Amino acid sequence: MGSLSLAVNNCLPAVLALPEGPVPVLSGLEEVEISIVDDDSIRDVHARFLDDPSETDVITFPHGDGLGEIVVSYDTAVRQAVEYNEPVCRELFRYMVHGLLHLHGYIDTEPEERERMFSHQEPLVGKFGQELAGMSFPDNA
């Protein structure tokens, strides 16, 4: 997990250098906590806080007290990694970058917004997640 944490830390200044989205909070946060959970846990968070009982890949919370939170699903990363022939570690990193972009104000509810967000996300994943391509987890050896 050290390489994953290093990739996120290295990527953070590049995210902050991007134009801010409509409701940015990232630059004012003192800390961003990232949790890697299973589908049952992310489904619970999704239901309790967003009134949606389905699983998802990433949920982001700006808490307003200097803390941001990114919750990512390991189970979803495993499924998506297999589907897209991507290492699990880099898929997890993709979700973390996606969460950072949400905290930087990007939204992805409409196709145009999603396209704008992904146009920043994927180059960041490619650049800062490059060394993660050779890493594997038990589900993605």
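Tutor: Let's start with one term: contact means heavy atoms within 4.5 Å. Before we use it, note that this is a predicted model, where local features need pLDDT of at least 70 and side-chain atom pairs count only at pLDDT 80 or more, while totals for chains, interfaces and linings use all residues. Residues are numbered from 1 along each chain as its sequence is written, and side-chain values use heavy atoms, with hydrogens and water left out.

Student: With that rule, which residues is glutamate 69 in contact with, leaving aside its neighbours within four places in sequence?

Tutor: Glu33, Ile59, Thr60, Phe61 and His63. Glutamate 69 itself lies in strand S3. Helices (H or I, at least four residues) and strands (E, at least two) are DSSP runs, numbered from the N terminus.

Student: What makes glutamate 69 and histidine 63 a polar contact?

Tutor: A polar contact is a pair of N or O atoms within 3.5 Å; within protein, one must be able to donate a hydrogen and the other to accept it, and residues adjacent in sequence count only if both atoms are side-chain atoms. The side chains of glutamate 69 and histidine 63 come to 2.7 Å, so the pair is inside the limit.

Student: Why is glutamate 69 called buried?

Tutor: Buried means under 20% relative accessible area, exposed over 50%, and partly exposed in between (1.4 Å probe, protein chains only). Glutamate 69 has 19% relative accessibility, so it counts as buried.

Student: And threonine 56, is it buried or exposed?

Tutor: Buried, because its relative accessibility is 19%. Threonine 56 sits in the loop between helix H2 (39–50) and strand S2 (58–62). Beyond its neighbours within four places in sequence, threonine 56 is in contact with Ile42, His46, Ser73 and Thr76.

Student: How do you know that threonine 56 and aspartate 57 make a polar contact?

Tutor: Their side chains are joined at 3.4 Å. They're adjacent by number, but the contact is between side chains, so the rule for adjacent residues lets it count.

Student: What makes S1 and S2 edge strands?

Tutor: The open sheet has three strands in the order S1-S3-S2, with mixed pairing. Strand S1 (31–37) and S2 each pair on one side only, and that's what an edge strand does here. The twist averages 15° from one strand to the next.

Student: How do you know that S1 and S3 pair?

Tutor: Two strands pair if DSSP finds at least two bridges between them. S1 and strand S3 (residues 67–73) are joined by seven bridges and run parallel, so they pass. Valine 37 stands opposite serine 73 in S3.

Student: Why are there zero disulfides?

Tutor: A disulfide is a pair of cysteine sulfur atoms within 2.5 Å. The structure holds none.

Student: What makes arginine 79 and aspartate 39 a salt bridge?

Tutor: A salt bridge is a side-chain nitrogen of Lys or Arg within 4 Å of a carboxyl oxygen of Asp or Glu. Arginine 79 and aspartate 39 meet at 2.7 Å, N to O, so they qualify. This pair links distant parts of the chain, with arginine 79 in helix H3 and aspartate 39 in helix H2, 40 residues apart. By this rule the count comes to nine salt bridges.

Student: Why are arginine 48 and aspartate 44 about one helical turn apart?

Tutor: Because they're four residues apart in helix H2. Arginine 48 counts as exposed because its relative accessibility is 54%, and aspartate 44 is partly exposed at 38%.

Student: What about arginine 94: which partner does it bridge to?

Tutor: Glutamate 122, with the closest N and O atoms 2.9 Å apart. Arginine 94 is in helix H4 (residues 88–103) and glutamate 122 in helix H5 (residues 111–128), 28 residues apart. Arginine 94 has a relative accessible area of 14%, so it's buried.

Conventions
Axes are lines fitted to C-alpha atoms, for helices over the stretch in contact, and angles run from 0 to 180 degrees between N-to-C directions.
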